[in-house]
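Visitor: I am new here and would like a friendly tour. Could you show me the structure before I start asking?

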There are 2 protein chains.
Amino acid sequence: MRIEIICTGDEVLTGKTVNTNFSYMSQKLEDVGLSVQWGTTVGDDRESLLRAFQLAGERADAVIVNGGLGPTVDDLSQEVAAQVAGVELVLDEAWLARMEEFFRRRSRVMPSNNQKQAMLPATAELIDNPIGTACGFALDIGKARFLFTPGVPRELRRMFEEQVIPRLLARSGMQTAIVLKRFHSYGLGESHVDALLRGVEEIVPDGSVKLGFRAHYPQLETKLTVRGADMEDIRRTLAPVEREVRKRLGNFILAEDDQTLEGVVLGELASRQASLSIVETFTGGQIAARVAPLQGAERVFRRGTVARDLAEVCAAVGLDRASSAGELTRETAEAVARAARRQTGSTHALAVLIGLDEGADRIDLGGTICLAIATDQELASRRSRIFGGREWVRLGAVEMGLDCLRRYLQGLPVYERIDFEKV
Amino acid sequence: MRIEIICTGDEVLTGKTVNTNFSYMSQKLEDVGLSVQWGTTVGDDRESLLRAFQLAGERADAVIVNGGLGPTVDDLSQEVAAQVAGVELVLDEAWLARMEEFFRRRSRVMPSNNQKQAMLPATAELIDNPIGTACGFALDIGKARFLFTPGVPRELRRMFEEQVIPRLLARSGMQTAIVLKRFHSYGLGESHVDALLRGVEEIVPDGSVKLGFRAHYPQLETKLTVRGADMEDIRRTLAPVEREVRKRLGNFILAEDDQTLEGVVLGELASRQASLSIVETFTGGQIAARVAPLQGAERVFRRGTVARDLAEVCAAVGLDRASSAGELTRETAEAVARAARRQTGSTHALAVLIGLDEGADRIDLGGTICLAIATDQELASRRSRIFGGREWVRLGAVEMGLDCLRRYLQGLPVYERIDFEKV
C-alpha cells in the first residue's frame, strides 16, 4: 500500500516549527510495518493545498493530511478537501453538539468561529477527536483514501494511534511484519563499515533484509530492516545476519537498538555496584554531562573535575605538581586517574586529557588525547591524535573517553586503531 | 521567486531523523526575505527522486535538494539528477583531488567508494564543501535551478550560508537590502514578549520592519527583519525600533545577533582579567561545558566540579559537611560558592545546586534550584522552582546559572521573576 503524508501550515513551511508530527507519524507507521513513500509540506495556501491533494490522490492509496482543521480563516483543510472531491461542505450536527459540550464543560461559551470546525465535506466519514475541537475526517480523493488529522501534537497522537492506524492496517490487508535492528559504533567511518559488511544482505537471498547507515559523528548507526510474514519469521531471518554483523564489527559495537553508550557504561558500573569519577580538560564537562544526569546515575557517578590547565588538573585531584611535571603523556593521565580515584574513593576513575594544537581553528587542527582508566588494581591507558578542528576533536574525545571506559568494563582492549586518528 | 525544498533519505522519510535541515533552511531563507512554497520528502529511491525532481522542475524557479551525496550505494542524488537533466555523470578531477587531500590530511587513505562523490552531472556547477567530502552542485532541471546540498547538518549549514543563499539572492534579483536584527532572552515566554513588544513594528509606519520570534527553550529569539534601499537606509530605520525593543525587554536581553550567553559571560570575565570556578550537581557538567571549551576560556575558566550528591559537593570544595548540613538552601549554595572560590583562587565562583522532585519523570516533575555567585567581596544568590520534567529542569537550570552570572557581571539584579518558575 502506498502511503503519503501532507503536512500543512505556514508554521511548518517557514521552519518556525520543526516538523516533529511528520517523523512521529512516519515512525509509528514503520513500527506497524507500513511505510510512507512521499511527504509534502505546504503552507496555508488554497492553491498549494489543492494541488497537493490532487497529486497525492493520483499517486497514493492512502494519504494522511495533518493540520488546517482549526477555527481560524487560515485553516483551509475541510474547504479544499470538499473542493477537490467535488462535494459541498455540510454541517455535522453531532460534532457541533460535541463542541458545544466541550466548551460548556470548561465553563466557556463556544466562539462562533468554532462552528467552522463542524463543517465537513458531504461524503466525509467523521474521525473522533476525544480531546479537542478539531475532528478528523476521511474521504476519497482520486484513487486514495484521505485521512485528515489535527496539527496539535497531543491531539494528533491520540487520533493517530486510536483511529488512523487501525483504518490503514485494515485497508492494507497486510500480513507481513517489519523489524528495524540497529547497531551503534564509534571509530569506524561509514564507508569503512559499508566495506566491512559487504555481502551481509545476501545471507538472506530473498531480499528481505536491507542494510543501511546513519552517520552522526562521532557515532555511526548500522541498520538492518527486515520484512517477514510474522515476528517469528523475522527472528529466524534476522538471526544469522545479526550474528555476522556482530562478528564483523566486533568490539566496535558499543550499543544496540535503543541503548546509548552512556547508558551501557552506567549499566556496567551499576551491575557491579561500582562508582565513577571523571577528570577532563578541553571536553569541558561534556563527558560527565553524558553520564551524571541519567536516571540511576546518582548512585554511580561520584565526582567530575574539569580544568583547562594541566597544572590545575593535578592540583584539583591532589597530585603533587612537581612529580608529574604537567606534561601531557599517558603517564600523566594514569597518575591523574589514579589520584582522582584515591581522592574520591570511587571504584573507577576516567581521566581524559587533551593537548589542543596551537593556532586558529581550522579543519586540520588536531589534538592529542591521553586517557587513562584506574581501578584499585588496574590501569589502562591510550594516546591518540585526532584531527578535524576544535569541535571535531572535542566531540571525538568525549566519545573516545566513554567508549574506552565501555571497552574496559566489558573486558575488551582499550586500544584498537580507529579511522579518525593519526598514529 | 518560487522556491522548493526536496529532502531525501530513508532516515528522514521513515522519521528516524527529525527533519531539522528543512526548518533550518526555510528559516534562513525567511531571514533574508525569501520564502519556500513547497517541501517534498522522499526516500533513497530512484523512482521517487526522479518524479520529485521532475515535478519541482515544472513548478519552481529554484529547488534546494538536501541529502543523497554520500559515498554509499543508497546515495543517489548525482545519478538521478544526471538522468533527469539528460546528461552523463563525469568525474570531477579537481574534487577528487580535494577528497584525496582531505583524507591525506587526516592520514587516511581514501576508500575507493568515496570516488563516487566526485562524479557529477556533466552540466553541473560545483559548489564547494570546505569541511566534508560531499561537494554540492547546481544545474538546471526543467525551468528551475537545482542546488544540491549535503545532509550532514554541519556541512549543510556552512554551504547554505556561504554558497546557496548568495546564489538564490542573486537569482531573485532582489535589489532591496535586508537586515535581520536578533535579541536573545531567557525567562520570558513567547506570548509574554509578544505582548511586551506590541506596536514596535508601527514605529516605522511603512511596514518595512517585521517582528518575529523563534522559541528554542530555554532561550527565546526576538527577530526584527528590516528592508530598505541600502544598509544606511536600514540602519536609520532600525535605530528607533532597536532602542524600543531594548527598553521594553531590558535586563532580559542576554545577547544580540551572533553573540551567545556563554560568550557574553566569558567576555565580561576576560575584560576584567577575572577567573571562574563552577560547581554543579544535576546539570552534570553542562554549565562548565558551555564555557570551558570556548576560545579564550583557557585563561578564564579555572575549575569545574560536578557531583550528584550534596555531601560529595561539600567534600569536593573542602567544606566541612557538618557546618553546612547538606541541606539544599540558598545558604548552602552561598557556602559552596565561597568555598569553591577559596579553594581554586578564582576571582568568581558560581554554584548551581538542584534538588529534583522524587518519583518517575513526568510533565509536572519539578526541581528546586539554589544558585550563588561569590567573589572576594560579594555574594549573590537566588532560589527558584522550575517544572516540566527532568530535561526541562536540567536545561532551565543551566541557562539560569549562566544568565544570573551574566546579570551579576553586568551589574543587574540577579533575581527577577521569570515565566518558567513557580514562586
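**A walk through the model**

Visitor: In S17(A), which residue is the bridge partner of Leu371(A)?
Guide: This is a predicted model, in which local features need pLDDT of at least 70, side-chain atom pairs count only at pLDDT 80 or more, and totals for chains, interfaces and linings use all residues. Residues are numbered from 1 along each chain as its sequence is written, while chains are lettered from A and ligands numbered from 1 in the order in which they are written. Helices (DSSP runs of H or I, at least four residues) and strands (runs of E, at least two) are numbered from the N terminus. In S17(A), the residue bridged to Leu371(A) is Arg382(A).

Visitor: How many bridges join S16(A) to S17(A)?
Guide: Two strands pair if DSSP finds at least two bridges between them. S16(A) and S17(A) run antiparallel, and the number of bridges joining them is 9.

Visitor: What is the order of the open sheet of 11 strands, and which strands stand at the edges?
Guide: The order is S18(A)-S17(A)-S16(A)-S15(A)-S13(A)-S14(A)-S14(B)-S13(B)-S15(B)-S16(B)-S17(B), with mixed pairing. Each edge strand has a single partner strand, so one side of it is left without a neighbour in the sheet. Those edge strands are S18 (421-422) of chain A and S17 (379-387) of chain B.

Visitor: Is Thr375(A) exposed, partly exposed or buried?
Guide: Thr375(A) sits in the loop between strands S16 (366-374) and S17 (379-387) of chain A. Setting aside residues up to four places away in sequence, Thr375(A) touches Thr347(A) and His348(A), where contact means C-beta atoms, placed from the backbone, within 7 Å. A residue is buried if 20 or more other C-beta atoms lie within 10 Å of its own, exposed if 12 or fewer, and partly exposed in between. Because Thr375(A) has 17 C-beta neighbours inside 10 Å, Thr375(A) counts as partly exposed.

Visitor: How many residues of chain B are in contact with chain A?
Guide: On the chain A side, helices H2 (20-31), H7 (190-196), H10 (286-291) and H11 (310-316) and strands S2 (36-42), S10 (209-216) and S14 (301-306) each give two or more residues. That side divides into 21 nonpolar, 21 polar and 15 charged residues; here Ala, Val, Leu, Ile, Met, Phe, Trp, Tyr, Cys and Pro count as nonpolar, Asp, Glu, Lys and Arg as charged, and the others, Gly among them, as polar. The 57 residues of chain A are in contact with a number of chain B residues that is 60.

Visitor: Which residue in S2(B) stands opposite Thr41(A)?
Guide: S2(A) and S2 (residues 36-42) of chain B pair in the antiparallel sense, over 5 bridges. Within S2(B), the residue opposite Thr41(A) is Gly39(B).

Visitor: Which residues of H2(A) are buried?
Guide: The cover over the buried residues of H2(A) includes, from chain A, S1 (3-8), S2, S3 (62-66), H6 (153-172) and S9 (177-186), together with H1 (10-13) of chain B. H2(A) is followed by Gly33(A), which has a positive phi near 85°. The buried residues in H2(A) are Asn21(A), Phe22(A), Ser23(A), Met25(A), Ser26(A), Leu29(A) and Glu30(A).

Visitor: How many residues does the largest nonpolar core have?
Guide: A nonpolar core is a set of buried Ala, Val, Leu, Ile, Met, Phe, Trp, Tyr and Cys residues joined through C-beta atoms within 7 Å. Val336, Ala337 and Ala351 of both chain A and chain B have the most contacts inside the largest one. Helix H14 (residues 390-409) of chain A gives this core its largest share, 9 residues. The residue count of the largest core is 124.

Visitor: Which residue does a cis peptide bond join to Tyr217(A)?
Guide: The omega of this bond is about 5°.

Visitor: Is Asp257(B) buried or exposed?
Guide: Asp257(B) lies in the loop between S12 (253-256) and H9 (261-271) of chain B. Although not a glycine, Asp257(B) has a positive phi of about 55°. Because 9 other C-beta atoms lie within 10 Å, Asp257(B) is exposed.

Visitor: What is the mean pLDDT of chain A?
Guide: pLDDT is the predictor's confidence in each residue, from 0 to 100. The model scores ipTM 0.79 and pTM 0.80. In chain A, 98% of residues reach 70 or more, and the mean pLDDT is 93.

Notes. Two residues are in contact if their C-beta atoms, placed from the backbone, lie within 7 Å.
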